[in-house]
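Hi there,

Here is the model I promised to send over. Have a look at it first, and my notes come after.

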There are 2 protein chains.
Amino acid sequence: MTLNVAAVTVDLVLLTIRQGTLQVLLVRRGIEPYLSRWALPGGFVHDDEDLDAAAIRELREETGVDSSAGHLEQLATYGAPGRDPRGRVITVAYLALLPDLPAPVAGSDAAHAEWRPVDEPELAFDHDRILADGVERARAKLEYTPLATAFCAREFTVADLRGVYETVWRTKLDPRNFHRKVTTAEGFVEPTGHSVTRDRGRPAQLFRRGPATLLHPPLLRP
Amino acid sequence: MTLNVAAVTVDLVLLTIRQGTLQVLLVRRGIEPYLSRWALPGGFVHDDEDLDAAAIRELREETGVDSSAGHLEQLATYGAPGRDPRGRVITVAYLALLPDLPAPVAGSDAAHAEWRPVDEPELAFDHDRILADGVERARAKLEYTPLATAFCAREFTVADLRGVYETVWRTKLDPRNFHRKVTTAEGFVEPTGHSVTRDRGRPAQLFRRGPATLLHPPLLRP
DNA sequence: GCAAAAGTGTTGTATCTACACCCATGC
DNA sequence: GCATGGGTGTAGATACAACACTTTTGC
């Protein structure tokens with residue numbers, strides 16, 4: 001009756017913003033079960049490895065990205081008996097928020113990986129559910145943390161940051177009020193002193209992420 | 001190198017409020033390792049059992065309490081290689097918020113279980129860390145959800161609910177403003193029509209928890 | 001009556017929303 | 001000049017903290 005052992009995997013919900021939409025890194029399965037279906041990237045935890053370390057390793061293997069560039073946190077753990085037909089598998093899911101990677105994914109594992117919209121349906125296993133949980137976590141965290149900056153490059157404009165909120169929340173925000181909110185919130189962003197002209201119009205100041213870990217008061221969804 | 005299998009346990013952080021302090025249910029270990037140290041209650045996941053189901057079962061075994069009385073949610077998963085000296089153990093921790101149980105814990109497993117203050121130090125394994133994570137989650141969730149009601153009996157006064165906030169947050173709140181906030185927040189509490197006189201003073205109205213799952217706007221920590 | 005707890009009213013302050021308006025650039 | 005996006009000012013609405021004040025009980 002007691003389950004003595006189970007396989008343990010770490011799967012990643014890697015989110016980024018590309019072409020104005022929220023996208024997730026998925027891999028095409030090359031073997032049964034769920035052959036040729038999209039799945040979250042992931043793999044087995046090593047013998048001498050902590051769960052966080054496994055997630056950091058998988059992130060590097062899949063994207064070539066150092067975990068310090070964006071944000072990585074444990075999401076939740078999934079272990080329903082029938083979720084993998086090959087046997088009992090416990091999956092610890094991690095959520096990462098990443099900037100649009102300038103370098104193409106170069107690693108060997110990433111050859112078959114692709115950025116897809118987060119509403120991609122019919123993923124392998126229970127990955128639909130895991131992805132939905134990850135997206136909802138990201139949406140909620142933008143409200144009361146400065147994590148939206150994890151989607152931006154090292155230096156970004158207020159409009160870039162507003163684009164993150166608008167994309168993740170699927171809403172439009174008032175540019176004027178958003179600007180004030182972000183620049184006056186203690187520790188959210190810091191001016192770099194530089195500025196850029198993106199398309200046309202007045203040049204925008206560049207910012208980098210500030211030291212705050214919580215937004216006080218929060219930036220609530222409309 | 002690859003870890004093929006690990007033991008999987010579900011451990012519970014059961015929080016309640018007794019005698020005006022936040023307390024956690026702990027058990028004295030009867031075997032090595034960590035013999036006679038306090039530990040979080042928990043046990044192995046069964047062969048045909050989902051993780052949530054295992055948590056609900058453990059809750060019933062330890063407290064005799066039905067999970068519908070309070071609140072139960074997954075907290076986080078812990079799997080550092082050396083955390084259990086007997087081998088690789090992955091622990092999925094659950095957090096429960098419970099009312100002060102009127103019936104004594106009757107189950108057989110609960111014989112050695114005891115309510116202890118949440119600052120109890122030197123727990124077995126990495127249970128200090130798990131407990132701290134659970135307490136912090138509870139503190140944060142009181143801000144933006146109506147979960148404080150999970151610590152209360154089915155019917156409660158506004159003062160009871162305020163006591164929950166004051167105990168969990170270790171702060172004093174203004175009774176007048178708190179009363180207004182709680183009774184005007186949409187769906188937080190519903191009047192039952194009854195009232196009680198607790199000690200002396202004017203009788204207080206009784207309420208039950210409302211249908212809301214989020215507090216909008218939140219009740220922020222001072 | 002007095003103490004104690006429940007509950008309401010009010011006032012000043014912070015924050016949000018909506019929008020008028022000015023600024024700096026490309027063409 | 002004119003379009004475009006960046007950024008500031010301001011008025012009304014909403015929420016909050018602080019606290020005076022009234023209500024209803026036990027003794």
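Below is what I found, starting with the ground rules.

This is a predicted model, in which local features need pLDDT of at least 70 and side-chain atom pairs count only at pLDDT 80 or more, while totals for chains, interfaces and linings use all residues. Residues are numbered from 1 along each chain as its sequence is written, chains are lettered from A and ligands numbered from 1 in the order in which they are written, and side-chain values use heavy atoms, with hydrogens and water left out.

**The two copies.** Chain A superposes on chain B by a rotation of 180 degrees with 0.0 Å of shift along its axis, at an RMSD of 0.0 Å (least squares on the C-alpha atoms of residues with pLDDT of at least 70 in both). The copies are therefore related as by a two-fold rotation axis. Both use the same surface, as 100% of the contact residues of chain A recur in chain B (contact: heavy atoms within 4.5 Å).

- The side chain of A:N177 has an N or O atom 2.8 Å from a base nitrogen.
- The side chain of A:R176 has one 3.4 Å from a base nitrogen.
- A backbone N or O atom of B:Q205 is 2.9 Å from a phosphate oxygen.

Best wishes

How values were computed
Polar contact = N/O pair within 3.5 Å; in protein donor to acceptor, adjacent residues only side chain to side chain.
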